[in-house]
Amino acid sequence: MKFDEDEFDYKIGKNVDDEAGAPGADGADNAADPAASAAFELRRLFKPDIDVNYDDPEDDIDADVKIARKPGYGARRAPNERAAENAAPAAAPAAAPQSDASAPQNAAPQTAASTQSAPAALKASKTPRRKGLASGGFGRAVITLLLTLLCIAIGIAAAMQYKTVVARASEKPDAEERITELLSTINTLHSELGSLEAERDELQNRLDLVEQSSQDEQLAALREELTKVQTFAGLTMVKGRGVHVQVSFDEHTNVGLIQSRLLLLINELRASGAQAISINGVRILAMTEIRVVDESYISVNALQLVAPYDIYAIGDAAKLYNGITMGRSGIVWQIRELTGATCTWETQENIFINAASEDDIKIDRLEVYK
Amino acid sequence: MAGEGEKLGQNSKQNSRQNSKLVRGLYMVLLMVLFVAIGTLITGKIAANSRERKAKAQEEQKLIDQYTAEAEELNARIAEVKNEISGIDTRYRQVLGRLKETDREFYNLYDMYSRSLETDRVLAGLTTVSGSGIVIRLDDSGLVQSLVHDSYLTEILNVLKTAGAQAISINGERIVPTSEVLCLGPSIRVNGVRLFAPYRIAAVGEPDTLLKAYQESRIYSTIVAQNLLYDVQKYDSLTIGAYTGDPGKMITKLF
């Protein structure tokens, strides 16, 4: 059979046949079975070209009867129905020849009548088959509704999932942030507590000294403490065993690179137990900076130094040597390879390192905590 | 013939009708199972999610409460020690006052050494100090691999020193002449002490100068680019703790 695709109006749940009053459902089986109808519709969705149920060669679409047909409907029609349908068009041509004279005038109304009678006949033949509200069309509507609800539910669930993820992502930093902040604060507070306790003990010792020891003892203790603190601060001249590193370069070398490697070298020396460090005779203290000037030389403690740079460090000589050669960063190799400068290093016996003066250490902005 | 064909057609129609009935039934069951499964999955996931979230939030709140309590306890102890220090100091002054009256000569000598010691202790970083300055906070704890390097820290410290910082501490560890800043995996080592991110670098100096120098430095842009900067703030009053190590141990090789 042939069917005009333009007449083919397929929408899930909407049965155009219902509007025309034609057999919408696929036969008696589907009339009371919306679920099966849904199943059928779905199958059609997936396999629209294969008409598994249609096998009725007698099926015929009356071009005048604008009934949208889905292949397969024809096959499902009950015999009595088909009889009614066949009878209807038969009635029309039967009526027409009776009035030859009025054929031209009557043809239209009669065709119109036949047009109306056919669906009416079909409708009439259809009615007994309909089992109340449980027609295929309604069933399909229910299925549609259920599927829509399901999709809405899925959508809502997906949205909630998304919200959860987003909320968690934005919540996470909040609580986690506070926790890490608190941990850092606790860390710092521990240190503060430690230093205050050390200070208290120190002051207590001093008090004990004054209250309990003889004057000579007291003075001796004071002098000893003074020397210790001054040495530690870098305010005394010192000597000992250690290492000597020399860095020399020409104008082609980037002094900025040299500067950053020197910072790392000093860091490495300290990590390896250097107790006193100097560059070209300038004592390196806690707050001593290394600055690059004019891209050609460095300035340490506001003193301009030119290459070659001699770095001396006193400490455990072996440890220092290992630290700068085999240490974590192999700093002397770095200086050689990365900056292109010439770098030599050796251990040395009697290294002398100058004292820094008290003026080199600025404390005018510091308020001693009391 | 036509009748036969019709009959045959009808039979095959009936068979196909029965078959399609069965198939339709199967499809229906399949759909039902599918929908039930989906429904179960969705409901289960929603329930699990909300449970999970609640549990996690509870846990986090517990930790926050615990740490807040710990921090408060530490603050209380700090206040306690400060009181003790003040008490000791008062007694000390009393004793000295008495000494000043009873033995002037000795007192002068003692006082001279005493004052020198006090000043030198400040110069050495052995006292707690305060002043205006800035605090730089770095955080690499959120990243898979710690990215704070030795060079980053040495550069930052150098920038601060160049800008006139007079006292610096990292997570409470005071920078003294022998201070190293090493990176050890997810932590750093300063003064032989292991510190963990986030890192708090406090520097006392002129706040605007320090801030400007830091923000204009090369290392700053690197840090920002690598998302390591947490923040940097100026402070009118900042407290930097004393070095807690034993200075005597750090001068054993010096003669």
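On one side of helix 4 of chain B, B:Asp208, B:Lys212 and B:Gln215 are exposed, where exposed means that 12 or fewer other C-beta atoms, placed from the backbone, lie within 10 Å of the residue's own, buried means 20 or more, and partly exposed is in between. This is a predicted model, in which local features need pLDDT of at least 70 and side-chain atom pairs count only at pLDDT 80 or more, while totals for chains, interfaces and linings use all residues. Residues are numbered from 1 along each chain as its sequence is written, and chains are lettered from A and ligands numbered from 1 in the order in which they are written.

Let us stay with this helix for a moment. Helix 4 of chain B spans residues 207–215, and its buried residues are B:Leu210, B:Ala213 and B:Tyr214. What do they pack against? Their partners in chain B are strand 1 (129–138), helix 3 (150–162), strand 7 (199–204), helix 5 (218–225) and strand 8 (229–240).

Now turn to chain A. This chain has eleven helices and nine strands, which are DSSP runs numbered from the N terminus (helices are H or I with at least four residues, strands are E with at least two). Of its 370 residues, 36% are buried. Among contacts in chain A with a separation of 6 or more, 77% join residues 24 or more positions apart; a contact means C-beta atoms, placed from the backbone, within 7 Å.

Five strands of chain A make an open, antiparallel sheet in the order 3-2-7-1-8, with two strands counted as paired if DSSP finds at least two bridges between them. Strand 3 (282–283) and strand 8 (342–353) of chain A are at the edges with a single partner strand each, so one side of each has no neighbour in the sheet.

Four bridges link strand 2 (residues 276–279) to strand 7 (residues 309–314) of chain A, with A:Ile279 opposite A:Ile311. Strand 2 of chain A also pairs with strand 3 of chain A through two bridges, and here A:Ile279 faces A:Val282. Two residues separate the strands of this hairpin, where A:Asn280 has a positive phi near 45°.

In a regular strand, side chains alternate between the two faces of the sheet. Strand 2 of chain A is covered on both faces, with A:Ala276 and A:Ser278 buried on one side and A:Ile277 and A:Ile279 buried on the other.

Definitions and conventions
Two residues are in contact if their C-beta atoms, placed from the backbone, lie within 7 Å.
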